[in-house]
Amino acid sequence: MSIEIKGVGKKFGDFVALDDVNLTIPTGQLTALLGPSGGGKSTLLRIIAGLENADTGSVTIEGVEATHLPAQKRNVGFVFQHYAAFKHMSVAKNVAFGLEIRKRPKAEVKEKVEELLGLVHLSQFADRLPSQLSGGQRQRMALARALAIEPTVLLLDEPFGALDAKVRKELRDWLRRLHDEVHVTTVFVTHDQEEALEVADEIVVINDGRIEQVGSPSELYDSPANDFVMSFLGPTTMIDGVLHRPHDIDIVTHPGVPGSLPARIVRELRVGFEVRLTVELLDAAHEEIQVTVTRAHQRSQGLREGIDVWLTPTHANGKVSESPLGV
């Protein structure tokens with residue numbers, strides 16, 4: 001295994017950032033640390049990198065006890081959200097920096113820099129300054145610089161957080177392809193659920209300094225360990241105290257299966273190919289439910305504000321419901 005974290009704890013004053021964290025990250029895998037702000041994911045990443053010291057526990061990297069090793073001796077590449085570029089150096093010199101301070105031969109440095117700039121599609125910008133690049137290009141430069149030292153582990157702290165949505169999407173796709181080419185063990189922090197689901201081989205959900213669940217994107221989405229995981233990995237709605245995915249609720253304009261729930265559509269919102277319906281149950285509580293359908297389904301069923309419908313939840317907290325109420 002590439003990274004072994006055992007019993008790691010960390011406090012900042014009275015605040016418990018990490019509470020007895022145990023985690024194994026396999027070699028060659030792309031792992032996401034996912035959770036809300038302040039949940040402990042960046043603290044854990046910085047402890048792996050050697051930028052923070054754990055109060056308790058140990059960190060082992062590729063079989064080497066690294067708990068008390070300084071960051072520069074861990075052979076870890078680190079990419080921050082805001083690039084941390086050397087503004088006065090060209091793109092090529094930025095990428096070469098880690099190799100040059102390690103006194104590598106000039107010919108080797110030149111060859112490695114050319115190889116990496118080609119890998120991240122920045123060869124034509126080698127002589128430019130970082131300020132002359134777009135945000136996405138600067139982040140690719142930062143990744144090339146981190147990879148230059150041939151790290152055992154590549155750590156990314158919300159690497160795309162400062163970029164707009166379109167560029168983030170492009171870089172997510174690029175990072176997945178890059179990882180498939182270089183196969184370096186990669187751990188990245190994100191609070192973006194879509195980013196984690198799209199990119200990662202495995203997701204570690206962290207909340208209040210504790211690990212809630214570890215698994216593949218499909219495992220976490222389809223079989224969440226608890227309501228927190230379910231709520232954090234995608235939209236949810238509640239019926240009679242039980243969480244459901246809005247797209248896991250069947251909605252029809254005629255009485256459905258026995259026990260289906262009579263309701264009325266009170267609002268509709270179209271977002272691209274999706275239509276998000278707010279539906280009020282026709283019971284004493286008048287509970288509001290969120291239901292998501294495709295635009296095509298809305299048209300075929302004639303779903304619109306003001307009409308009566310019937311709901312049948314099909315899943316509850318990752319499990320097939322045994323009744324329309326999921327109980």
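Student: What should I know before we start?

Tutor: The model is predicted, so local features need pLDDT of at least 70 and side-chain atom pairs count only at pLDDT 80 or more, while totals for chains, interfaces and linings use all residues. Residues are numbered from 1 along each chain as its sequence is written, and side-chain values use heavy atoms, with hydrogens and water left out.

Student: How many helices and strands does the protein chain have, and what makes a stretch count as one?

Tutor: There are 9 helices and 19 strands in the protein chain. Both are DSSP runs numbered from the N terminus: a helix is H or I over at least four residues, and a strand is E over at least two. The C-alpha trace spans about 75 × 45 × 30 Å along its principal axes.

Student: Why are H2 and H4 called roughly parallel?

Tutor: Helix H2 covers residues 91–100 and helix H4 covers residues 135–148; they pack at an angle of about 25°, with axes 7 Å apart. Axes are lines fitted to C-alpha atoms, for helices over the stretch in contact, and angles run from 0 to 180 degrees between N-to-C directions. Angles under 35 degrees count as roughly parallel, over 145 as roughly antiparallel, 65 to 115 as roughly perpendicular and the rest as oblique. About 25° falls under 35 degrees, so H2 and H4 are roughly parallel to each other.

Student: What makes the crossing of H2 and H4 right-handed?

Tutor: A crossing is right-handed if the near helix is turned clockwise from the far one by less than a right angle, and left-handed if anticlockwise. H2 passes H4 in the right-handed way.

Student: Which residues in H2 and H4 meet?

Tutor: From H2 come Val 91, Asn 94, Val 95 and Leu 99, and from H4 come Met 141, Ala 144, Arg 145 and Ala 148. By class, this contact has 6 nonpolar, 1 polar and 1 charged residues. Here Ala, Val, Leu, Ile, Met, Phe, Trp, Tyr, Cys and Pro count as nonpolar, Asp, Glu, Lys and Arg as charged, and the others, Gly among them, as polar.

Student: How do you know how H4 and H5 are arranged?

Tutor: Their axes come within 10 Å and cross at roughly 25°; H4 and H5 are therefore roughly parallel to each other. Their crossing is right-handed. On the H4 side are Gly 136, Gln 139, Arg 140, Leu 143 and Leu 147, which meet Val 167, Leu 171, Trp 174 and Leu 178 in H5. That contact has 6 nonpolar, 2 polar and 1 charged residues.

Student: Why is the pair Asp 180 and Arg 176 called a salt bridge?

Tutor: A salt bridge needs a side-chain nitrogen of Lys or Arg within 4 Å of a carboxyl oxygen of Asp or Glu. The structure holds 17 salt bridges.

Student: Which parts does the salt bridge between Arg 210 and Asp 19 tie together?

Tutor: The closest N and O atoms of Arg 210 and Asp 19 are 4.0 Å apart. Arg 210 is in strand S10 (residues 210–215) and Asp 19 in strand S2 (residues 15–25), so the pair ties together parts that are 191 residues apart in sequence. Arg 210, at 41%, is partly exposed, and Asp 19, at 36%, is partly exposed too.

Student: What makes Lys 112 buried?

Tutor: Lys 112, in helix H3 (residues 106–119), has a relative accessible area of 15%, so Lys 112 is buried. Leaving aside neighbours within four places in sequence, Lys 112 is in contact (heavy atoms within 4.5 Å) with Leu 99, Ala 148 and Glu 150.

How values were computed:
Buried < 20%, exposed > 50% of the residue type's maximum accessible area, 1.4 Å probe, protein only.
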